[in-house]
Amino acid sequence: MATIEINHLYKRYAKNKHTVVKDFHLEIKDKEFLVLVGPSGCGKSTMLRMIAGLEDVTEGEIYIGDTLVNDLPPKDRDIAMVFQNYALYPNLNVYENIAFGLRLRKLPKHEIDLAVKRAARILEIEPFLDRKPRQLSGGQRQRVALGRAIVRNPQVFLMDEPLSNLDAKLRMQMRTEIIKLHKSLKTTIVYVTHDQVEAMTMGDRIVVMKEGVIQQADTPESIYSKPNNTFVASFIGSLPMNFIKGRVLENIPGKLEFHTPRFSLNIPEIASNMLIKNKMVNRIVTLGIRPENMELGKAAEIAGIPGFHKYNELMGADRYLHLDIGQEQLLTIRASPEIQYVEDDLVYVTPNVSEALFFHFDTGERLS
Ligand SMILES: Nc1ncnc2c1ncn2[C@@H]1O[C@H](COP(=O)(O)OP(=O)(O)O)[C@@H](O)[C@H]1O
Ligand SMILES: [Mg+2]
């Protein structure tokens, strides 16, 4: 069993006054693939290094299985760590690099041989066992680093941005490899990345962090469809969610409208009831809507959001249009690649308001 229980964890570095990890509280399940994601500097590596025992805990507890590990040295925690810079020994060949940790532990030679060959088979690096790291591509080196972790047969794998040094195509391929690896090894993995695509595609569960604080811990589906706040909503998704500032008005009793100086939208019944319950009538809120939940309307139908085309980006099958909708706000929508506009063309957008989310204007918390 390799659950990891993290109880109200705090980290302050001695030379650094501010608290880098704040009240981190989470239970990681046995065999779970958990992804820690957030912008650079939010405390992901610090968190991982505390689980590994490479960094002291300032306050709180970490249990691996039933063992309180706060004061246990890394080698006694039954974990293996994989880093971004593969940290291979340049003078040793692939076989010796993978075998290194086992030799230190003085395992019998034939056991080492079996373990190295098994890892090499899983990772498909058998043909390279005699090569030195410099004779390998980036992807192959990262496989060797994974091999070194696998042979230790740990309860828990900790991975810190292991794919960041690879080019985009290889990164995609290695993503799949690591998912397969998790399925075959059936161990707990805690995987750190700043890349929301990696988080969304790899994690059984995602923990989004900001400034050392967990913003949300949930399945990829829930993180995407029910983000706790505007930070999560804008961090997750290949195009960030659009946010529009407006006031909730009740011009007809029971029927709410989202009102901005340039346009109004009818709010569907379910959202209306929710906003009434939250006492948001006559208050300013943030409406959040994803680019895929909006369509380009015809100029004639004035039902939608008028915007002035500012610039666009061709992304292969789609073209992303960025529209000025007033109050210094830009709206991004996904359109067909054939569409051509020049600057300041007037465009109408029809949002599917039933897919919109509403957030507290001040705190950014999602209203529910
Ligand atoms: N050894 C250290 N001493 C002081 N501050 C540190 C140390 N390591 C990291 N920090 C600070 O802690 C914060 C979180 O860093 P880190 O955990 O590396 O973030 P991430 O991995 O999410 O990019 C940053 O502000 C960083 O400057
Ligand atoms: Mg880091």
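A polar contact is a pair of N or O atoms within 3.5 Å. Keep that cut-off in mind as you explore this predicted model.

**Stop 1: the ligand**

Select Thr46 together with ligand 1. An N or O atom in the Thr46 side chain sits 2.5 Å from an oxygen atom of the ligand. On its own, ligand 1 exposes 570 Å², and the protein buries 66% of that. Now click on Gly41: here a backbone N or O atom is 2.6 Å from a ligand oxygen atom. Tyr13 uses its side chain instead, with an N or O atom 3.4 Å from a nitrogen atom of ligand 1.

Next, show the residues around the ligand, including Asn16, Val20, Ser40, Lys44 and Ser45. By class, this shell has four nonpolar, six polar and one charged residues. Helix 1 (residues 44-52) gives the most to the shell, with three residues.

**Stop 2: strand 8**

Move on to residues 188-193.

**Stop 3: the neighbours of strand 8**

Select strand 3 (residues 33-37), which pairs with strand 8 in the parallel sense over five bridges. Look for Leu36 opposite Val192. Then select strand 7 (residues 156-160), which runs parallel to strand 8 and is joined to it by five bridges. Here Met159 stands opposite Tyr191. Finally, trace the chain from strand 7 through helix 5 (residues 168-185) to strand 8: this β-α-β crossover is right-handed.

Key
Residues numbered from 1 in each chain as written. Chains lettered and ligands numbered in written order. Predicted model: local features only at pLDDT ≥ 70, side-chain atom pairs only at ≥ 80, totals over all residues. Heavy atoms only, no water. Near = heavy atom within 4 Å. Polar contact = N/O pair within 3.5 Å; in protein donor to acceptor, adjacent residues only side chain to side chain. Areas by Shrake-Rupley, 256 points an atom, 1.4 Å probe, with all protein chains shown as cover. Helix = DSSP H or I, 4+ residues; strand = E, 2+ residues; numbered from the N terminus. Nonpolar A, V, L, I, M, F, W, Y, C, P; charged D, E, K, R; others polar. Pairing = 2+ DSSP bridges. Right-handed = clockwise from strand over helix to strand, strands pointing away.
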